[in-house]
Amino acid sequence: MLTLDSVWKSNSESPPDFILKNCSFSFRERSIYAVVGASGIGKTTLLRVLNNLTSIDRGRILLEGQDISMLHPSEVRRRISMLFQTPAFVGDSVRENLDFAARFARRNDTDFSTLMEMVHLDHTFLDRTVVQLSVGQQQRVCLARTLVTKPDILLLDEPTSALDDKTADGILELVREISQQEEFLTIFVTHRRSHARKLGQVILEMAEGTLRSLS
Ligand SMILES: Nc1ncnc2c1ncn2[C@@H]1O[C@H](COP(=O)(O)OP(=O)(O)OP(=O)(O)O)[C@@H](O)[C@H]1O
Ligand SMILES: [Mg+2]
């Protein structure tokens with residue numbers, strides 16, 4: 001469903017080093033993948049490449065057989081949602097943030113209370129100020145925001161890295177629940193193998209510019 005076809009991607013250093021070296025892999029729909037790899041190996045870059053946020057040097061990324069570089073960026077954004085390492089917000093309240101995402105996706109049918117329920121936050125959170133929430137609560141809000149566009153694919157860039165173990169486990173459990181319920185293809189990158197094992201149905205290792213299966 002989402003395929004890397006002989007992808008090469010260099011970093012911005014001079015002389016360039018390749019983060020992805022002739023990397024090919026097919027991520028199947030409705031599956032949860034965890035990608036482990038050391039810091040700086042290129043996990044964030046991999047997700048940005050899969051989402052067409054970063055261009056590649058050579059090869060193709062195929063979304064259901066279509067080259068994503070040929071699709072309209074808004075189409076890619078709608079179908080593939082990404083949760084970042086640190087929560088980032090555009091407005092003051094939770095509602096404003098969800099509203100912004102809904103307007104961006106041109107969706108006026110989104111029930112924000114249902115989204116809050118999905119991420120296990122009380123609907124009164126809608127009127128709370130995002131900067132006053134805990135990081136765990138902020139990641140839940142970010143997860144709710146990724147659901148606004150009704151994507152098929154969820155990319156998660158270490159959303160648990162700033163959290164204590166218990167809060168991180170809660171987020172991983174929530175991601176599993178939502179991914180299965182919504183039948184997402186989910187790709188979660190992390191440098192922590194324990195987190196990868198908790199969430200991933202398939203565990204991959206990123207090393208030497210390619211992906212190989214560990215499970
Ligand atoms: N936009 C970019 N263009 C080119 N190279 C980049 C870009 N962003 C990061 N890099 C380089 O690519 C390499 C991989 O970085 P990346 O952030 O993808 O690693 P990572 O595995 O996510 O690391 P971490 O676990 O610390 O988040 C690094 O050498 C980095 O300097
Ligand atoms: Mg990273």
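This is a predicted model: local features need pLDDT of at least 70, side-chain atom pairs count only at pLDDT 80 or more; totals for chains, interfaces and linings use all residues.

Visitor: What makes strand E3 and strand E8 a pair?

Guide: Two strands pair if at least two bridges are found between them. Strand E3 (residues 32-36) and strand E8 (residues 185-190) are joined by five bridges, and they run parallel. Since five bridges meet the requirement of at least two, E3 and E8 are a pair.

Visitor: Which sheet do these two strands belong to?

Guide: E3 and E8 lie in an open sheet of six strands, in the order E6-E7-E8-E3-E9-E10, with mixed pairing. From one strand to the next, the twist averages 20°.

Visitor: Why are E6 and E10 said to stand at the edges?

Guide: Strand E6 (80-83) and strand E10 (210-213) each have a single partner strand, so one side of each is left without a neighbour in the sheet.

Visitor: How do E6, E7 and E8 pair with one another?

Guide: Four bridges link E6 and E7 in the parallel sense, and Met82 has Leu155 in E7 as its bridge partner. E7 and E8 also pair in the parallel sense, over five bridges; here Leu154 stands opposite Thr186 in E8.

Visitor: Why is strand E7 described as largely enclosed?

Guide: A residue is buried if 20 or more other C-beta atoms lie within 10 Å of its own. Four of the five residues of strand E7 (residues 153-157) are buried, so E7 is largely enclosed by the rest of the structure.

Visitor: Why does Leu143 count as buried?

Guide: The cut-off is again 20 or more C-beta atoms within 10 Å. Leu143 has 24 C-beta neighbours inside 10 Å, and therefore counts as buried. Its place is in helix H5 (residues 135-147).

Visitor: Which residues is Leu143 in contact with, leaving aside its neighbours within four places in sequence?

Guide: They are Leu83, Val119 and Leu174. Two residues are in contact if their C-beta atoms lie within 7 Å. A separate value concerns Met118: Leu143 and Met118 are 25 residues apart in sequence and 9.3 Å apart in space, taken from C-alpha to C-alpha.

Visitor: What is the arrangement of the sheet of four strands?

Guide: Its strands follow the order E2-E1-E4-E5; the sheet is open and the pairing antiparallel. Strand E2 (18-27) and strand E5 (66-67) are the edge strands, as each pairs on one side only.

Visitor: How do you know that E4 and E5 pair?

Guide: At least two bridges are needed, and two bridges join E4 to E5, which run antiparallel. Leu62 stands opposite Asp67 in E5. E4 and E5 form a hairpin with two residues between them, and Glu64 in the turn has a positive phi of about 45°.

Visitor: How many bridges join E1 to E4?

Guide: Five bridges join strand E1 (residues 2-10) to strand E4 (residues 58-63), in the antiparallel direction. Within E4, Leu63 is the bridge partner of Leu2, and Ile61 stands opposite Leu4.

Visitor: What makes helix H1 mostly covered?

Guide: Six of the eight residues of H1 are buried, namely Lys43, Thr45, Leu46, Leu47, Val49 and Leu50. H1 lies across E1, E2 and E4, running at about 125° to E1. After H1 comes Asn52, whose phi is positive, near 60°.

Visitor: Which element gives the most to the shell around ligand 1?

Guide: Helix H1 (residues 43-50) does, with three residues. The shell holds 13 residues, of which Asn11, Ser39, Lys43, Thr44 and Thr45 come nearest. By class, two are nonpolar, 10 are polar and one is charged.

Visitor: How do you know that the radius of gyration agrees with that of a compact globule?

Guide: For 215 residues, a compact globule would have a radius of gyration near 17 Å; the protein has 17 Å, so the two agree. The C-alpha atoms fill a box of roughly 50 × 40 × 35 Å along the principal axes.

Visitor: What share of the residues is buried?

Guide: Buried residues make up 36% of the 215 residues. The protein has seven helices and 10 strands.

Key. Residues are numbered from 1 along each chain as its sequence is written. Chains are lettered from A and ligands numbered from 1 in the order in which they are written. The radius of gyration is taken over C-alpha atoms; the globule rule is 2.2 Å times the number of residues to the power 0.38. A residue is buried if 20 or more other C-beta atoms lie within 10 Å of its own, exposed if 12 or fewer, and partly exposed in between; C-beta atoms are placed from the backbone. A residue is near a molecule or strand if its C-beta atom, placed from the backbone, lies within 6 Å of it. Ala, Val, Leu, Ile, Met, Phe, Trp, Tyr, Cys and Pro count as nonpolar, Asp, Glu, Lys and Arg as charged, and the others, Gly among them, as polar. Axes are lines fitted to C-alpha atoms, for helices over the stretch in contact, and angles run from 0 to 180 degrees between N-to-C directions.
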